[in-house]
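Please walk me through this fold, from its sheets to its metal site.

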Amino acid sequence: MKHFLPALLIGSLAAVSAHAAEDKNFNYHVDNFADIEVLRYEVPEFNQLSLQQKKMLYYLSQAAQAGRDIIWDQNGRYNLQIRALLEALYTSYKGDRQNAEFKAFEKYLKQVWFGNGIHHHYSNDKFTPGFSQAWFDAQVKQLPADSLPLEKGQTVNQMLEVLDPVIFDPTVMAKKVNQDGTQDVIATSANNLYGDGVTQAEVEAYYNMLKDPNDPTPISYGLNSRVVKENGKIVEQHYHLNGLYGPAIAKIIYWLDMAKSVAENDAQRAYITKLIDYYITGDLKLFDEYSILWAEDTASDVDFVNGFIESYGDPLGMTGSWEAYVNFKNRKASHRTETISSNAQWFEDHAPVDPKFRKPVVKGVSAKVITAAMLAGDAFPSTAIGINLPNANWIRAAHGSKSVTLENITEAYDMASHGNGFNEEFVIDAPTAKLMEDYLYITDMLHTDLHECLGHASGQLMPGVDPDALKENGSTLEEARADLFALYYLADPKLLELGIIDNPDAYKAEYYKYMLNGLMTQLNRIEPGKDVEEAHMRNRQLIAAWVLDHGKKDKVVELVKKNGKTFVKINDYPKMRELIGQLLAEIQRIKSEGDYEAGNKLVQKYAVKVDPKLHKEVLDRYAKLNIPPYRGFVNPVYTPIYGPDGEITDITLDYTEGYADQMLRLSREFSTLGY
Ligand code: ZN
């Protein structure tokens, strides 16, 4: 599971002293287009790593980038061909680059790069090109045929006949992931995880047939496959060396093998070996064995994720989107998470939920703060700030999980937000703004720690409950559970006792931001007239709207008007914490008992619908601030330096590559699947 930044993190100068940044003049801003801002992140202390560790990071970074084409193809069956076509036009275009059509085309290409395909990474809606089809077709026809990504035997006209509707017709492949439970979520989702003509009912029947409810260690069904219909029968096409995505997987294996040769210890070598075996065979039992070895290795400094991991991209939450993270441990900051995780049992025992839903023994939640060194696949350019893996419930229960906070990423967000005017526009009064300035950086970080390290790992399912019982609401309710756990404990005196926080009021900064974001400011990410779709956004609105509603009688939280503008006003923070505890108890019950009906009711009542008037107000107020609602990153560039005998003597780190340059280079160096 991963944890995203809840909309905008508000800058706080007071917290800068807690930052690890090495270069005070580091320029975080890279590019700006549509609703996106591209940032860069610093990799502090890279130069303090040993040569062996640097090599390991380099090889793992190559393995990470080698899988790029996989996520593009998972996101939509025409994405790779479209990317190649757009890039061919972008690099060969001979006309005026200031021309309005070309400008619109460039913006569209930047959006497509950011979405790893033709759909928005967050809303899942198809991008709308601002240039005309006539202009586009005319430009394409002027390009030399050998620069075009033609399918075998395809003419230019035939290619355009296929791709033009995909790019220009708003009704074709309109939504990447559709989570509207009243429709067939498979048939109406444009992603490439299911073949033509496959229905939701068929997929559910297929997996129900495979699943054994009495299996205590079930594989993650469907995690590494595309489901298609062959001769009227449902079959899985598995992703592995000799299967789907084989050429990309071969490259990944090559670089993983190089990394293995410089692994830090035997435990790390063992899990890399297992991961390679899994990539060769596609056997999900091997993936579980790898996941266990990986979760149990807490000694290595350099670490990584590389595979089909998170299932947010699948409306049924089965298939994993390919992603990769490469990182190393931030030893100093890890004291914080180690303190939390070594008290995991205390937190579990005191959780405000029915005791029978608590874990009697919390298995090794290992938590650390990391420095991200490379983001790839579904984790790039938009990325998470916290991750907790593995996802399989039984592995988490029996072998524990690894929870990480990506501090240098959070820091880049924070530093890039200084002075953007958000506080002045949306925070109700000066004392609240001051509290947020002083404590939001640390409470945000703690929220991520608690969410990942304890929240996702807490609680247990009742015997025989299907972990997928909450269906299309599973991700939303799981994120809500982890957020509620984090919010509840942020206000607990235990954190003061543990020396993690120095002010009993610090949590109020996070509570205020959470309500402000969930009730108002995250609406900035939604187009007028649309519902809330994405699981993390639904979870945040669910919590905020439920608390507002259930605290109405006592005026715990209110929406008030000041000078014609709406503000969140929290009157009773301790009461708000009680409400958070109550909702946690209910959502834990829903999860533990697999109560789909109750879960769906909560989601439908609180998480989906938007008040159009308030929505418009938020959009208008945001528009004046000129802050893009979404942010992502370019990666630093690592270059090996070779000695006289061809051996690597150092790895250098460079931050200067721009957004378009990086995307074009990745396409040149890591196109593995056909174009
Ligand atoms: Zn999460």
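Two strands count as paired if DSSP finds at least two bridges between them. The model is a predicted one.

Ile 36 opens strand S3, residues 36-40, and five bridges join S3 to S13. The two strands run parallel. On its other pairing, S3 meets S2 through four bridges, and here the strands run antiparallel. Asp 31 stands opposite Val 38 in S3. S2 and S3 form a hairpin with two residues between them. Ala 34 sits in that turn and has a positive phi of about 45 degrees.

Strands of a sheet pair through backbone hydrogen bonds, either parallel or antiparallel.

Which helices go with this sheet?

Now turn to strand S8, residues 365-377. How many of the 13 residues of S8 are buried? The count is 13 of the 13, so S8 is largely enclosed by the rest of the structure. S8 has pairings with S7 and with S10. Seven bridges join strand S7, residues 321-329, to S8, and the two run antiparallel. Within that pairing, Tyr 325 has Leu 375 of S8 as its bridge partner. Strand S10, residues 401-406, pairs with S8 in the parallel sense over six bridges. There the bridge partner of Ile 370 is Leu 406 in S10.

The largest nonpolar core has 214 residues. Phe 136 and Leu 256 have the most contacts inside it. Helix H17, residues 474-490, gives this core its largest share, nine residues. In soluble globular proteins, nonpolar side chains tend to be buried together.

Take Leu 256 by itself. Leaving aside neighbours within four places in sequence, Leu 256 is in contact with Leu 60, Ala 63, Ile 272, Leu 275, Ile 276, Tyr 279, Phe 304 and Asn 306.

The axes of helix H3 (residues 79-92) and helix H5 (residues 133-142) come within 10 Å and cross at roughly 75 degrees. An angle from 65 to 115 degrees counts as roughly perpendicular, so H3 is roughly perpendicular to H5. H3 brings Leu 85, Leu 86 and Leu 89 to the contact. H5 brings Trp 135, Phe 136, Gln 139 and Val 140.

A second pair crosses at another angle. Helix H21 (residues 573-593) and helix H22 (residues 596-607) have axes that come within 8 Å and cross at roughly 135 degrees. That makes H21 oblique to H22. Leu 583, Glu 586, Ile 587, Arg 589 and Ile 590 in H21 meet Ala 598, Gly 599 and Leu 602 in H22.

Which residues are the protein donors of the zinc ion? They are His 451 through NE2, His 456 through NE2 and Glu 479 through OE, lying 2.1 Å from the ion. Their spacing in sequence is H-x4-H-x22-E. His 456 lies in the loop between helix H16 (430-455) and H17, while Glu 479 lies in helix H17. This pair, 23 residues apart, links distant parts of the chain.

His 456 has 3% relative accessibility, so His 456 counts as buried. Glu 479 has 1%, so Glu 479 counts as buried too.

Finish at Thr 298, in the loop between helix H10 (284-296) and strand S6 (302-310). Thr 298 has a relative accessible area of 46%, so it is partly exposed. Met 576 is 278 residues from Thr 298 along the chain, and their C-alpha atoms are separated by 37 Å.

Terms used
Residues numbered from 1 in each chain as written. Predicted model: local features only at pLDDT ≥ 70, side-chain atom pairs only at ≥ 80, totals over all residues. Heavy atoms only, no water. Core = buried A, V, L, I, M, F, W, Y, C linked by side-chain atoms within 4.5 Å. Buried < 20%, exposed > 50% of the residue type's maximum accessible area, 1.4 Å probe, protein only. Contact = heavy atoms within 4.5 Å. Donors = N, O, S within 2.8 Å, 3.2 Å for Na, K, Ca; no water. Axes fitted to C-alpha atoms, helices over the stretch in contact; angles between N-to-C directions. Parallel < 35°, antiparallel > 145°, perpendicular 65-115°, else oblique.
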